[in-house]
Amino acid sequence: MADYQYAAEGIDYAGLPKTIAERTPRLVSELVAKENFVVDVHTHYFDMLCINKKYFLIRMIKDFLGLKSVANGETMQLSIDEVYDMPEQSADNWNQELLEQIDKKEVQFINLQEDKKGFVDLIAARKLLGIKTMADMYWYYLDKCSLAKSFDNIPNDNVLTSVLMMDLEMGWETSLPKTFYEQVEEVKEMTKQFPVLPFLACDPRRAKTPDPKNDLYRLFSKAFCEGTPFFGIKIYPAMGYHPSDYRLWPIYEICERYEIPIISHNGGGAVSTGRRDFKIYAGGEEIRIQGSSREDVAYQLNDPLKWEIALKKFPKLKLDLAHFGSAGAWRPKPDAQNRKATIIRLMNEYPNVYADFSFSLADLKASRNLKNTLVNDELVRSRTLFGSDFWVVSPEGNLHLLQNDFINLLDENFLQLGLKTMLCKTNPMKFLFGK
């Protein structure tokens, strides 16, 4: 194992904001002072220049035009290879060309009466294709999906959200129209316009890169020490690395010392590495990951047990294991149930381990099981956070209706516990600000 202390060369330790207040954007402080607000702790604001267009095409076609969208149980047959042969990202009219390509397929099987998915959703999703700034994506969230819509007497824009970045350049080993470096700049500007908390994606493979501007530790300093500071860290193991990779330790040291929250993907594999056989670092030990599919690899990387090495070294880390293991962890499947049990055990063993239930709210069976756990386990109830996973969850249907159903389910017959307020305000405020 190499000496990770070389990170000192790139991190501006003297310039780091030393308190939570120093990292909190002014508009966030003003919103919190109103008290009449809610918190959606897990949101993304990718625009179409931040992602690989082909990923979005795959998601649109698979999620909007397949399975539940079709009549008589028939599905639209379209391979990933066909998707990758669709228009190039550089084409100005690629979204229109996409629809022309779809028209050539078996769209006659689309069920226009389906109220959850179908052509109506595809048409609505086309609006996302034309959004080319994260600020405009934020306005789309407020208009269509604001968590405040599920609460009485809370203005639509009185919602505190995160801006969870993802390092797709490293995870997908591809160039993007808007580089990761440029995205960091844009997120900083967002904090001057909206009450949002920016979370920097930290990929250990960026450590000691040939390009110093894109070195992990210099990017960290740029995010936290130059101008408007970032607020937290985003870890996404499914992109191809171990969350306890020793190259992340300098950052975890800082996070523990200055109470910087970490949100770590701990759910499905819809966004994940395409590799099938590669090596990663578990702490300082090199291990091999092998899988037969993208989902198999992601499932291995997302195991919450992989956080134990880091937590033993940094036991006071403020960590949100996002998606609570995914909806599958809340269904009666032994292996998946073990992931739920692991997260709850980590909550019991470490004082600052939390979990959010983002994305899984689309599965009402999983939601009901979560509610039962919240009712019967006081510790889990105090460490669970609401998150919509806005942007990524959009293909699941009408996100506003989904989260409204979820919120109403929590309140049913359990008003005395105040679950709505606990998950959407009390617990997130404790996780983010320690109060």
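Here is a short chat about some helices and salt bridges in a predicted model.

Visitor: How do α7 and α9 pack, and at what angle?
Guide: In this predicted model, helix α7, residues 134–144, packs with helix α9, residues 180–190, at an angle of about 50°, and their axes are 9 Å apart. The two helices are therefore oblique to each other.

Visitor: Which residues meet there?
Guide: From α7 come Met134, Ala135 and Tyr138, which meet Gln183, Glu186, Val187 and Met190 of α9. The residues of this contact divide into 5 nonpolar, 1 polar and 1 charged.

Visitor: Which salt bridge does Glu186 make with Lys178, and what N to O distance goes with it?
Guide: The side chains of Glu186 and Lys178 meet with N and O 2.7 Å apart, and Lys178 counts as buried because its relative accessibility is 9%, with under 20% as the cut-off.

Visitor: Switching topic, what does Arg206 pair with?
Guide: Arg206 forms a salt bridge with Glu169, and their closest N and O atoms are 2.8 Å apart. Arg206 lies in the loop between β3 and α10 while Glu169 belongs to helix α8, so the pair ties together parts that are 37 residues apart in sequence.

Visitor: Are those two buried or exposed?
Guide: Both Arg206 and Glu169 are buried.

Visitor: And α17, what covers its buried residues?
Guide: The buried residues of α17 include Leu399, Phe406 and Leu410, and what covers the buried residues of this helix includes α7, α15 and α18. Helix α17 has 13 residues and reaches 19 Å from its first C-alpha to its last, which is close to the 18 Å expected.

Methods
Residues numbered from 1 in each chain as written. Predicted model: local features only at pLDDT ≥ 70, side-chain atom pairs only at ≥ 80, totals over all residues. Heavy atoms only, no water. Axes fitted to C-alpha atoms, helices over the stretch in contact; angles between N-to-C directions. Helix = DSSP H or I, 4+ residues; strand = E, 2+ residues; numbered from the N terminus. Parallel < 35°, antiparallel > 145°, perpendicular 65-115°, else oblique. Contact = heavy atoms within 4.5 Å. Nonpolar A, V, L, I, M, F, W, Y, C, P; charged D, E, K, R; others polar. Expected span 1.5 Å × (residues − 1). Buried < 20%, exposed > 50% of the residue type's maximum accessible area, 1.4 Å probe, protein only. Salt bridge = Lys/Arg side-chain N within 4 Å of Asp/Glu carboxyl O.
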